[in-house]
Amino acid sequence: MIEKLENTYILSTNQNSYVFRITKHGDAESVYYGKKITSIDAHTLIKKQNTLFVNTLYMENDETYGIDGMRFEYSFANRGDSRSVSCILKVGEECMTDFVVKKITENTEYKNSDMPVPRGYDNSLTVKLEDALHPGLIIELWYFIYENTDVLARAVRIQNDSGKQVTIQKLMSAQYDLECAQKELVCFHGAWGRERIRHNVPLCCGKFSGGSHSGMSSAECNPFFIVKEKNTDENVGEAYGFHLVYSASHELAAETDCYRGLRISHGIQSEGFCYALPVNEKFDSPISISTFSACGLNGISYQFSRFINANILPKKQVPIMLNSWEAFYFDINEKKLYALADEAERLGFEGIVIDDGWFLGRNDDTGSLGDWQEDKRKFPLGIAAYAKYLSDKKMQLGIWIEPEMVSEKSNLFLQHPEWVLKTEGARSIVGREQRILDLTNSEVCAFIEASLDRLVEEYGAKYIKWDFNRRFSDIFGSEGSAYFYRYIKQLYLILKRFTFRHENVVIENCASGGGRFDLGMLSYCHVGWVSDNTDSLSRAEIQQGTSYGYPIRTMLNHISASPNQQSKRCSSLKTRSDTAMIGMLGAQLDITALKGEEKEELKRVIEQYKKYRTMLLGASLFRISSDNNFYVWEILSDKGENAIIYLMMDRFLSVSSIPNIKLINLDEDAKYEIRFEGMHFTASGKTLMNGGLVFPQIYQGVRIDNGTLNMTDRSTLLIYLIKKEDR
Ligand code: GLA
């Protein structure tokens with residue numbers, strides 16, 4: 001809902017309000033972002049500036065208009081703001097601009113964006129600013145309200161009707177000037193195999209700056225972050241969550257000032273950015289997403305989970321696929337895959353993904369990327385025949401592809417060396433012996449689209465695993481890192497067109513694991529490969545980190561072999577499957593080589609998963625452990641009628657026990673039926689939330705009685721709760 005009181009705008013969702021106003025000098029000033037307020041007295045929140053300090057800048061003839069202390073909705077270079085600004089432009093050869101608010105429009109449709117826009121906003125508001133120095137140069141600040149999920153989205157669009165060429169040097173998607181009382185940034189940094197690990201950064205002075213420079217959103221720094229009060233914990237206290245709907249190099253900054261202000265900004269990475277915007281053309285920033293919660297970090301996760309499920313992810317259930325990668329790596333062939341399909345059908349899998357190694361001459365990772373035709377030596381009967389074999393079993397075929405890449409040892413490279421990002425004369429930098437195709441070349445895009453279509457139309461794929469296994473080094477053109485923006489814009493277009501042509505095909509988003517796990521890719525892909533690291537203990541940490549910003553529906557988890565092939569750590573099939581079930585389940589191991597009882601166990605896991613899958617699709621995950629030795633997650637169905645509690649004990653400690661677990665967000669007055677490990681009892685929501693779930697003794701080296709829990713290092717429990725009809 002949007003309300004207007006004189007020059008103050010109140011943008012409200014179900015629980016939150018976002019307030020800004022247009023000042024008498026034509027700036028947009030931030031007033032408030034937090035829990036819902038009464039719009040009628042929103043003006044009482046406007047900060048008054050009466051006292052000037054000696055060195056403050058102010059608007060001529062108006063000493064009460066101090067620039068330093070002002071909270072701006074968006075701020076521009078060279079206009080006296082001593083903090084980092086959000087927009088730096090050059091118009092022709094000049095670097096001075098002076099943008100003044102001209103017009104505010106409500107509920108206009110945001111059309112023809114080059115960036116993905118979350119669907120289904122309830123209201124929009126556009127603040128149009130024009131450069132007083134270059135009439136016709138317009139900046140639009142867009143606001144989108146998603147009432148039910150308590151999300152506010154923002155974007156910036158530049159329209160250049162100034163008659164002069166404009167160079168964009170920095171353009172953040174949004175700036176949030178907040179009050180800074182001892183705040184902390186929570187960001188999700190990592191690396192390959194340990195993506196999205198939670199880090200807390202105190203914000204006491206200066207500027208924290210994060211992001212990526214590699215051309216991708218990256219495993220090193222996810223474009224999701226939280227700003228919270230120092231004492232905010234999982235369930236109590238205020239916090240703001242931010243996402244950028246973008247998959248290329250990004251930037252986030254949190255800067256404190258000496259006026260108790262905190263400026264948060266995020267958007268395209270500005271280092272080396274130099275985008276040439278010709279006359280009569282527009283530029284769209286990626287979308288900035290934010291939410292506020294007074295119910296701690298779980299509140300942020302809950303709101304983003306619901307928003308991403310409802311407004312970002314394409315709607316299609318992801319089948320339970322068995323992937324060939326860790327089963328056979330490059331050593332795949334038809335014979336092995338037919339045997340795999342027979343066993344997979346028996347165990348309840350819904351499809352097979354033929355991972356890397358299926359195309360012309362691909363026997364290791366040194367060549368062949370780009371030659372996307374089946375290797376007849378490995379598939380004498382052909383992949384289409386295999387798809388038919390699977391479909392007769394009511395199973396689906398999935399195929400791995402890395403469509404943006406090429407190996408120098410390939411026919412494609414021989415035919416089109418000019419399609420490849422490579423700099424003649426420079427020392428050559430490769431990653432996994434491969435190079436990136438230049439997506440700003442329309443012939444390249446046409447080739448990629450045709451290659452993807454062939455997987456569906458000729459081979460019968462119903463599932464694509466879309467990989468991206470190296471970072472950028474070389475780029476084309478004179479616009480510096482703006483190349484990545486042009487690249488990703490084309491990638492989104494390819495994805496958009498592909499999903500339009502093949503709406504029944506599921507896409508798994510992968511980039512060496514979770515290197516491009518972001519809302520840009522998830523706007524087109526149904527699920528994301530969380531990490532190449534499938535070791536359960538590592539996974540518990542990675543899935544937990546991911547859960548702060550993403551719903552479990554986005555997380556593809558595989559049961560893999562033990563010892564784990566990344567960590568060499570051993571874990572039971574129960575631990576591996578319990579952990580993989582908290583998300584979208586799949587597997588990657590040679591199931592034909594499993595022992596009989598392991599096969600039966602896997603079959604039971606899949607059966608059980610199918611019973612809960614619909615619930616998991618809409619569920620939210622709440623982190624509820626207060627003890628570092630345990631990961632405990634409450635996965636609550638959308639309507640709260642059932643829940644699964646996941647518990648992992650990291651290390652066995654002598655004479656120890658499992659702490660009581662106080663559940664959250666249950667219905668106080670309802671009774672819940674609880675089942676796990678042969679135990680079965682009923683308890684009320686009130687008792688479970690206040691007293692908690694109380695566990696039996698764990699085995700301590702004496703004997704296992706009826707009811708003793710046999711837990712050791714990295715043991716897991718899945719506890720099932722069903723709300724009963726009678727109260
Ligand atoms: C990447 C992916 C893996 C697998 C290999 C194949 O590393 O993350 O899952 O598909 O590529 O080469």
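Colleague: Which residue is the bridge partner of Leu5 in strand 2?

Modeller: Two strands pair if DSSP finds at least two bridges between them. Strands here are DSSP runs of E with at least two residues, helices are runs of H or I with at least four, and both are numbered from the N terminus. In this predicted model, local features need pLDDT of at least 70 and side-chain atom pairs count only at pLDDT 80 or more, whereas totals for chains, interfaces and linings use all residues. Residues are numbered from 1 along each chain as its sequence is written, and side-chain values use heavy atoms, with hydrogens and water left out. The partner of Leu5 in strand 2 is Thr8.

Colleague: How many bridges join strand 1 to strand 2?

Modeller: Four, and the two strands run antiparallel. They form a hairpin with two residues between them. Glu6, in the turn, has a positive phi of about 50 degrees.

Colleague: What is the order of the strands in the open sheet?

Modeller: Strands of a sheet pair through backbone hydrogen bonds, either parallel or antiparallel. Here the order is 1-2-3-4, with antiparallel pairing. Strand 1 (2-5) and strand 4 (28-35) are the edge strands, each pairing on one side only. Between strand 3 (residues 16-22) and strand 4 there are seven bridges, and Ile22 stands opposite Ala28 of strand 4.

Colleague: Why does Leu573 count as buried?

Modeller: Buried means under 20% relative accessible area, exposed means over 50%, and partly exposed is in between, using a 1.4 Å probe and protein chains only. Leu573 counts as buried because its relative accessibility is 9%. This residue belongs to helix 9 (residues 573-580). Contact means heavy atoms within 4.5 Å. Not counting residues up to four places away in sequence, Leu573 touches Ile559, Glu598, Glu601 and Leu602.

Colleague: Which backbone nitrogen lies 3.2 Å from a polar atom of the Glu195 side chain?

Modeller: That of Gly193. Leaving aside neighbours within four places in sequence, the contacts of Glu195 include Ser512, Asp532 and Ile542.

Conventions:
A polar contact is a pair of N or O atoms within 3.5 Å; within protein, one must be able to donate a hydrogen and the other to accept it, and residues adjacent in sequence count only if both atoms are side-chain atoms.
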